[in-house]
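Here is a short report for a reader meeting this structure for the first time. Look over the sequence and the fold, then read on.

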Amino acid sequence: AQPPQALIVLFSVPTFLPSLFLRFLSFSSLSFFFFFGENKTVEKRSMADGVHFPKPTHVVCIGAGYVGGPTMAVLAKHCPDVTFTVVDIDAKRIAAWNSDQLPIFEPGLDVVVQGVRGKNLFFSTEVDERVKEAQIIFIAVNTSTKEYGFDAGSSYDMTAVEIVARNIGKVAEGPTIVVEKSTVPVRTASMVRDLLEVNSELVQKGKATFEVLSNPEFLAEGMAIPNLESPDRVLIGSLPTSRGHEAAARLSFLYEHWIPKDRIITTNVWSSELSKLAANAFLAQRVSSINSFSAICERTGADVGEVAHVLGTDKRIGSRFLHASIGFGGSCFRKDLEGLIYLCEGLNLPEVAEYWRQVLRINEFQKMRFSRQILSACYNTLRRKRIAVLGFAFKADTGDSRDSAAIDVVRHLLEEKAEVHIYDPKVPHEDINRLFPSVRCHDDALSACDGAHALVVLTEWEEFLVLDFKRIFASMPKPSFVFDGRNCLDHSYLRSLGFTVHAIGKRLESAL
């Protein structure tokens, strides 16, 4: 039986088209357009503000990834009167969502999906069929950093968003609310609106209308379900028109099934798009800030953990994101910082761009510094030495290794001719060997550590805290080194066993 039509989750598509939202504007005219050019567009569209958006009964999300799947699952759980469909052109990924082995790992996600799948949550490759019946369509596709051509390594690759917007315009029927869920550059809503309207024959005939909202996600991988169940805030951005406000109210209606209204923030659409970039930039800045102090601590004898504790007791600062480490990773921080820097340069704000570029430089410095510390401690040679790497995911409680700090550290080790053995409880072996064919992946930590010259902790998995370090130490050549890139182990205990321990932001005991 065909599942009921539902709001669709944007599907994954190749990302090979150039960014559109800044390229058609010269740097000198960009600011003028932002403050004056759009006013005429808003004024013209406000004349159609009498259009009615029906109460949503079918919602579609295009894109069955880390954002689309969990978000729709939690929405379906709390909105039993609404049908949600996640669509994607990747048949293998959709099949995984319909199986007992979900394509992504998030604690608690499997329980939520199993509770609503086949009831009011569906996963499908029938993109056009589901879009036609949806009143609300979420776009949750990949917007990675552009890797080719002009502005490679700085601008967003908007290929997927453009393809999806064009297709929605061709297929959607009736009044439709399109929601940006992907992280996108500021002004993307204008591009999406233009693509929707120019590709819709019904719009040309006055028989359909679109409203574009910004509803960015603020999920931390490994905490996606708690973040969705009890968010700090839900942000909805719309145009400042009665039609825009009505569309925002329809989307808010879904979240109000379980989220207090005072946590649902409404802004103009541009503020919403920029707020997502700002949030990730501020978080990345805090990581780089405490990591910069870790370097100072190692030179002076101060302890970065104690410094962070002092800072955290100041209510103006708070304690979150003050844990020194080898650096941030994941799919968001670097990408969004690069996008923010690109935006600032496009707005002729080089000083602002340089400020945020330095956050990235400190992150690269921290990884390189850690790798050099391993080489230096091991008598300046790693050739033919077995190095056990514990953890490859960019953080604990996720199988995601995108832009993980471990990638750079492992690359440095291999460049020094080390024999690298890796264990991570959630990252598939094929994901690691796709990047590093020569490394050996293990199914347990003990086999990875057996006979190693050094242990290198790159992800703070809880199971690493309770390993049989006596047994591991007995198997290792002496001196036996531990390099704790997450400051998660019991260093005093390890030293009592005989390990030489190096940690982030802490001097060796022999140097005290």
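## Helix α11 against helix α14

Helices α11 and α14 cross in a left-handed way. (Left-handed means that the near helix is turned anticlockwise from the far one by less than a right angle; clockwise is right-handed.) Helix α11 covers residues 269-300 and α14 covers residues 350-377. Their axes come within 9 Å and cross at roughly 45°. That makes α11 oblique to α14. (Under 35 degrees counts as roughly parallel, over 145 as roughly antiparallel, 65 to 115 as roughly perpendicular, and the rest as oblique.) Axes are lines fitted to C-alpha atoms, for helices over the stretch in contact, and angles run from 0 to 180 degrees between N-to-C directions.

From α11, the residues that meet α14 include F282, Q285, S288 and E298. From α14, they include Y355, W356, I362 and R369. Contact here means heavy atoms within 4.5 Å. By class, this contact has nine nonpolar, eight polar and two charged residues. (Ala, Val, Leu, Ile, Met, Phe, Trp, Tyr, Cys and Pro count as nonpolar; Asp, Glu, Lys and Arg as charged; the others, Gly among them, as polar.)

## Helix α13 against helix α14

Helix α13, residues 333-346, also packs with α14. The angle is about 150° and the axes are 8 Å apart. That makes α13 roughly antiparallel to α14. This crossing is left-handed. Among the contact residues are L337, L340 and I341 of α13, with W356, L360 and K367 of α14. The residues of this contact divide into nine nonpolar, one polar and six charged.

## I504

I504 is found in the segment after β15 (500-503). It is buried, with a relative accessible area of 2%. (Buried is under 20%, exposed over 50%, partly exposed in between, with a 1.4 Å probe and protein chains only.) I504 and S325 are 179 residues apart in sequence, yet 6.2 Å apart in space, C-alpha to C-alpha. Beyond four places in sequence, the contacts of I504 include S294, E298, Q366 and D484.

## The whole model

This is a predicted model: local features need pLDDT of at least 70, side-chain atom pairs count only at pLDDT 80 or more, and totals for chains, interfaces and linings use all residues. Residues are numbered from 1 along each chain as its sequence is written, and side-chain values use heavy atoms, with hydrogens and water left out.

The pLDDT, the predictor's confidence in each residue from 0 to 100, averages 90. Over residues 1-49 it is below 50. The protein has 19 helices and 15 strands. (These are DSSP runs, numbered from the N terminus: helices are H or I, at least four residues, and strands are E, at least two.) Of the 512 residues, 55% are buried.
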